[in-house]
Amino acid sequence: MTSHTPATTAPRRRLLALAAAAIACTAALPLQAQTTHWPAKPVKLVVGYAAGGATDVIARLVAIKLGDQLGQPVVVDNRTGANSNVGAENVAHAPADGYTLYVYTIANTINASLYPKLGYDPVKDFEPIGMIAKIPNILVVNPKLPVKNLADYVRYAKESKDGITFASSGSGSSIHLSGEMFKMQSQLKMLHVPYRGSAPAVTDLLGGQVDSMFDNTPSALPHVQAGKLRAIAITSAQRSPLLPDVPTLAESGYAGFDVQSWFALAAPAGTPRPVVEQLNTALNKVLALPEVRNRLQELAATPDSGTPDKMRSFAAAEIKRWREVVKASGATAE
């Protein structure tokens, strides 16, 4: 009896060979071809702070509209701890496929000098996508203090035997380092009083236990509007439309003073360029939406759209600037 190969075997072998060839061709395709259909699933946006804070509020605003632009949901994931380092490290070691993003902030550029060791590199481990917005700080004082403007503040600090105290949300925060930068420029006798968060610092400022604070605008604004705190200067280069009568530090005699909390979008290093460009285009469209701009303005934030290269250059300059301030202040991570 003569044996023979079943009729179905040869076609099956040809199908397997074709499938193997297809896989090989796909692997050989350039990155642009492999990312043509990105995103094909929801995108995760990691925030290094708890829900409810300025970073989280801005992230959720952008995430909803970014999802509309991309055609896939963008889901916020709060990974808190170590002044946003936990979230940053999580993203730095995530797959570079565009499905894990990070709200990169001023804290990451400060942490580069503040922490002796980090589980990530703030420059090498991230692919910049674009800037989102900036929020200035306000120099506020307790109304009982005999200080109506910056000139009064300087005079009071010089005439007081103990100088003047300024509170912050913690050593190394942008609120703290705003004060340290002003101290460096003014050469005033200023004592830093750190707290564990902005809320307890503001509480003691309202109670008169400390003299002043370079607080974030969204935190200080309600107290200023209620007359419980007096705003005497703002740290941005331009005045805020929410406080048009409050002068900038720059126009008050400290040329070039411009310190703002800022927020940007980044991905793990190595994320394909076509994905980065698609995200940048979508982000800039989101920031141009009237409803987004209006909501940001309510948060005292100014949209700051641009290219990935703009963000890269800005972050590098911030790392250099804060390294000098951290060194001069002697600030360390708590």
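How many residues does helix H7 have, and what distance does H7 reach from its first C-alpha to its last? Helix H7, residues 174-186, has 13 residues and reaches 18 Å between these two atoms. The views below come from a predicted model, in which local features need pLDDT of at least 70, side-chain atom pairs count only at pLDDT 80 or more, and totals for chains, interfaces and linings use all residues. Residues are numbered from 1 along each chain as its sequence is written, and side-chain values use heavy atoms, with hydrogens and water left out.

**View 1. The protein chain as a whole.** The protein chain holds 12 helices and 10 strands; helices (H or I, at least four residues) and strands (E, at least two) are DSSP runs numbered from the N terminus. Of the 334 residues, 49% are buried (buried means under 20% relative accessible area, exposed over 50%, partly exposed in between, with a 1.4 Å probe and protein chains only). Among contacts (heavy atoms within 4.5 Å) with a separation of 6 or more, 76% join residues 24 or more positions apart. The accessible surface is about 15800 Å², and carbon and sulfur atoms account for 55% of that area. Accessible areas come from the Shrake-Rupley method with a 1.4 Å probe; for residues, only the protein chains shown count as cover.

**View 2. Helix H7 and its surroundings.** The 18 Å reach of H7 is close to the 18 Å expected at 1.5 Å a residue, where the expected span is 1.5 Å times one less than the number of residues. H7 is largely enclosed by the rest of the structure, because 10 of its 13 residues are buried.

View 3. Glutamine 187 lies in the loop between H7 and strand E6 (190-194). Its phi is near 60 degrees, a positive value in a residue other than glycine. Glutamine 187 counts as exposed, at 65% relative accessibility.

**View 4. Asparagine 83 in a loop.** Asparagine 83 sits between strand E2 (74-78) and helix H4 (85-92). Here too a residue other than glycine has a positive phi, near 55 degrees. Asparagine 83 is partly exposed, with a relative accessible area of 28%.

View 5. The bond from tryptophan 38 to proline 39 is cis, and omega is near -5 degrees. Proline 39 belongs to the loop between helix H2 (31-34) and strand E1 (43-47).
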